[in-house]
Amino acid sequence: MMKKKMIALAVASVSAVVIAGCSTSSRTAATGPAGGEGQAFGENVQLFDATQQVHDSMRGKRIAFVPILYKGYNLTMNWGASMERAFGNLGADFQVYDPNFDTDKMTRIISDLIARKAVDVLILHNPDVGVLSKQIEDAQRAGIYTVVVNMISSRLGDAYIGVDNIAAAEDIAQRAVQDCEKRGAPKRLAIIDGPGNDAASLLWSKGVHNVLDPAGFEVVTTAHTQWQNSLAQQAAESIIQQQKNNFCGFLVTYDLNSVAVGDAVQSAVSRGVIPADSLGTYTMATDTLWCDALRAGKVTASASYDVQGVGTAAVVTAQQLVQTGAPAGSTHTVAFVPHTIVDRANVDNTTIACYKGQ
């Protein structure tokens, strides 16, 4: 999803991309992989012993979080903040590695951690359905648990946690259809997604078509923007210039890109290219910047999902994997967090809307 930088990444430089201050424990790290250490609990538990057993199972465990981008990105910083608090409370050692939108660097970081057996659990934010398949396989062979968040991989790992992209896309597409029909607008919508070959984009498009096709709506174009706000805005400007009043709005895969699209729509209205309120901007997820744009009238509605819950669920899943003691790669699960449609009428009363980076 990014331009690949052909640079060598020595082991020494890997440590340099660790986010300062994210180590949550000064205790001695565990010396071996987490997988296959034995189950922490049996059928019965002593009330006052349970807490100690949980802490004992996690103390010194090494957890690495490798997102596609960290610094300044509310989505991943939200997860990282949840992980840092929780793993710190449990006495685990938690580190964030920031590849800064560089896929080559990301794979090198993960491969190095696996080769050195420097972690017990890897929490990964996969940029593409296949990019991390080898790393996930290598981690399992090394006895390292893998938890993938937000964008599912073709190779599952021990667990995946994220939103039900298809259901979220169906729900927001249904809202777009209702809005278009209510104002008698053309039955035509544009999709703006990420790279196009990633899980989020593919599932988004599938969910959108599940609704639009039976409703007799047409997708006039699908623009791929690599998750870059500037490219999303440029794509929206180009589509507006080509289509003008001949379509009803945009279905944008994620919230931040949709704000950039909303800026393009607002600019076109101010220049008299299109009438006010003639185009809707619909998306998935709702960070605090999106909520500000909603209140300002730049975007229309979103399938808001529990971003905070993704980070918390990753912590819970990591604990469960360690406590069961099952070998890495011996179990595989997919779990979805909740989502709901939000707009100006309910955004301030919706607990999972307007998430922040910390």
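Predicted model: local features only at pLDDT ≥ 70, side-chain atom pairs only at ≥ 80, totals over all residues.

I began with C354, which counts as buried because its relative accessible area is 18%, under the 20% cut-off. C291 sits in helix α10 (residues 288–295) and C354 in the segment after β12 (339–342), so the pair ties together parts that are 63 residues apart in sequence.

Entry 2, the other link. How many disulfides does a search of the whole structure find? I get 2, and the pair still to be described is C180 with C248, whose sulfur atoms are 1.8 Å apart. The link of C180 and C248 is left-handed, with -110° about the S-S bond. C180 belongs to helix α6, while C248 lies in the loop between α8 (229–243) and β8 (249–252), so that distant parts of the chain, 68 residues apart, are linked. I find both C180 and C248 buried. With the bonded cysteines numbered in sequence order, I write the pairing as 1-2, 3-4.

I read a volume of about 510 Å³ for the largest pocket, and I count 25 residues in its lining, with D277, L279, G280, G297 and T300 nearest the centre. The elements giving two or more residues to this lining are α6 (165–182), α9 (255–270) and β9 (280–284), and α9 gives the most, with 4 residues. By class, the lining of the largest pocket holds 10 nonpolar, 7 polar and 8 charged residues.

The volume here is about 360 Å³, and of the 23 lining residues I noted Y73, W227, N229, L256 and N257 as the closest to the centre. Which elements each supply at least two residues of this lining? I find α3 (74–89) and α9, with the largest share, 3 residues, coming from α9. The classes in the lining of the second largest pocket are 13 nonpolar, 7 polar and 3 charged.

I recorded 11 helices and 12 strands, and 56% of the 358 residues count as buried. The accessible surface comes to about 14,800 Å², of which 50% belongs to carbon and sulfur atoms.

Note on methods. Residues numbered from 1 in each chain as written. Heavy atoms only, no water. Buried < 20%, exposed > 50% of the residue type's maximum accessible area, 1.4 Å probe, protein only. Areas by Shrake-Rupley, 256 points an atom, 1.4 Å probe, with all protein chains shown as cover. 1 Å grid on protein atoms, 1.4 Å probe; cavity = no way out; pocket = protein on both sides within 12 Å on 5 of 7 lines; lining within 4 Å. Points joined across faces, edges and corners; volume = space filled by probe spheres on them. Nonpolar A, V, L, I, M, F, W, Y, C, P; charged D, E, K, R; others polar. Disulfide = S-S within 2.5 Å.
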